[in-house]
Amino acid sequence: MRKFSLLFFTTTLLLFTACSQEQKQTEIKTPPPLSINVITIEDKEVPIWAKYTGKTKASSSQEVRARVSGVLEKRFFKDGAFVKKGDKLFQIEQSEYKAALQIAQAKKAQDKAALLLAQADVKRYTPLVQEGLAPRATLEQYQAKEASLKAALLGDDAQIAQAKLNLDYTVITAPISGRIGVRYVDVGNLVGKGESTLLTTIVKSDPLYAYFSPSQDDVRIFEKYKEKEKPDAFIELEGTREDIRLNGYVDFANNIVDPLTSTITMRATINNPKHKILPGTFVYVNIFITDKHKFKMIPPEVIFNDQLGKYVYTVDANNTLKRANITTGYGNRFYISVKEGLQDGDKVAVSALMKLKPNLKVVPKDVTKTEGIDAIITKNHLIPTQDTGK
């Protein structure tokens, strides 16, 4: 009887232990619901931007040349420096041009003295001729000399002005504000002898031009829906150290279509106060079209693709994930429109994307205010300015 009791106790203990282990394993296999973020879908007006590849160009590019000949005496800038309009850049030897100015001034003084004498002779001979005491021919000679000297003085003034201009040309200044390039001629070289020697170049990169070429169909749409005479624009440049974005506006469209590409050249004028982007850089040009049409927008990164097409995960009233097959329309890297597959009020999952699967229980947190389309538009400065741009 004692053996039977011991055996019964041992068997009961083993069964209890096995049940406990089975229950523990069952508990481990039932994880808690997944916590995810969701945004609520709404059909609303959003700003529509078109994106193109483009290339920047200086808003002004000037060649600095020698306009008079002589030996280059001084240089007042460092290669690659920023200069302001009127800053001194070079100086050509001035002694020859100072001497030419002095000669012209001396010639004027000489002709002026001769004119005073001729005028005195005319004044003296006029009454004598009237009284018949001197021949008229002599008076006429003095009158002709007076007129000739007056004309000579006009020529002297022109020579002085030219001499001053040549002397001024010996000091070469910046025609525009901008970044100066490398010098092409060193101090000590003869310049301007028989040619206007190129000394350096200056480019103005604020504002900066960005040229791009949309198709003629895109231009028609752009012209149809644009709300400003000079629509908002911005350019982007992705870099290893920083991503650069600069704002501006579209102010030019060419009047012909390129027959080879069926595109039309357009230009955006971009503010570049810190000269972060140089002329000749390939950039992305974004132009604002309209914000008067409604779309259901979602972030592009929440869209999945498989053999059946595009889809997203939505959360139903029971906090269960459901696959929603969608058809997309207009989009950019910030948001993309859903033409079919979603309704106003649907909650789309935007986090833990690699863990999502159909029929999975979740604990949703609505982050529409911080991660929804309005928040994306504000964060990425996609709201057009209120200025009409006219």
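**A tour of helices H2 and H3**

The crossing of H2 and H3 is left-handed (the near helix is turned anticlockwise from the far one by less than a right angle). By class, their contact has 18 nonpolar, seven polar and 13 charged residues. Here Ala, Val, Leu, Ile, Met, Phe, Trp, Tyr, Cys and Pro count as nonpolar, Asp, Glu, Lys and Arg as charged, and the others, Gly among them, as polar.

This is a predicted model: local features need pLDDT of at least 70, side-chain atom pairs count only at pLDDT 80 or more, and totals for chains, interfaces and linings use all residues. Residues are numbered from 1 along each chain as its sequence is written, and side-chain values use heavy atoms, without hydrogens and water.

Select residues 95-130. This is helix H2, with 36 residues. Helices are DSSP runs (H or I, at least four residues), numbered from the N terminus. H2 reaches 53 Å from first C-alpha to last, close to the 52 Å expected (1.5 Å times one less than its number of residues).

Now colour its buried residues, among them Tyr97, Leu101, Asp111 and Tyr125. Buried means under 20% relative accessible area, with a 1.4 Å probe and protein chains only. These buried residues pack against helix H3 (136-169).

Step past H2 to Gly132. Its phi is positive, near 80°.

Show both helices. They pack at an angle of about 160°, axes 8 Å apart. H2 and H3 are therefore roughly antiparallel (angles over 145 degrees).

Finish at Glu146 in H3. At 17% relative accessibility, Glu146 counts as buried. Glu146 touches Leu115, Ala118, Gln119 and Val122, leaving out residues up to four places away in sequence. Contact means heavy atoms within 4.5 Å.

Terms used:
Helices (H or I, at least four residues) and strands (E, at least two) are DSSP runs, numbered from the N terminus. Buried means under 20% relative accessible area, exposed over 50%, partly exposed in between (1.4 Å probe, protein chains only). Axes are lines fitted to C-alpha atoms, for helices over the stretch in contact, and angles run from 0 to 180 degrees between N-to-C directions. Angles under 35 degrees count as roughly parallel, over 145 as roughly antiparallel, 65 to 115 as roughly perpendicular and the rest as oblique.
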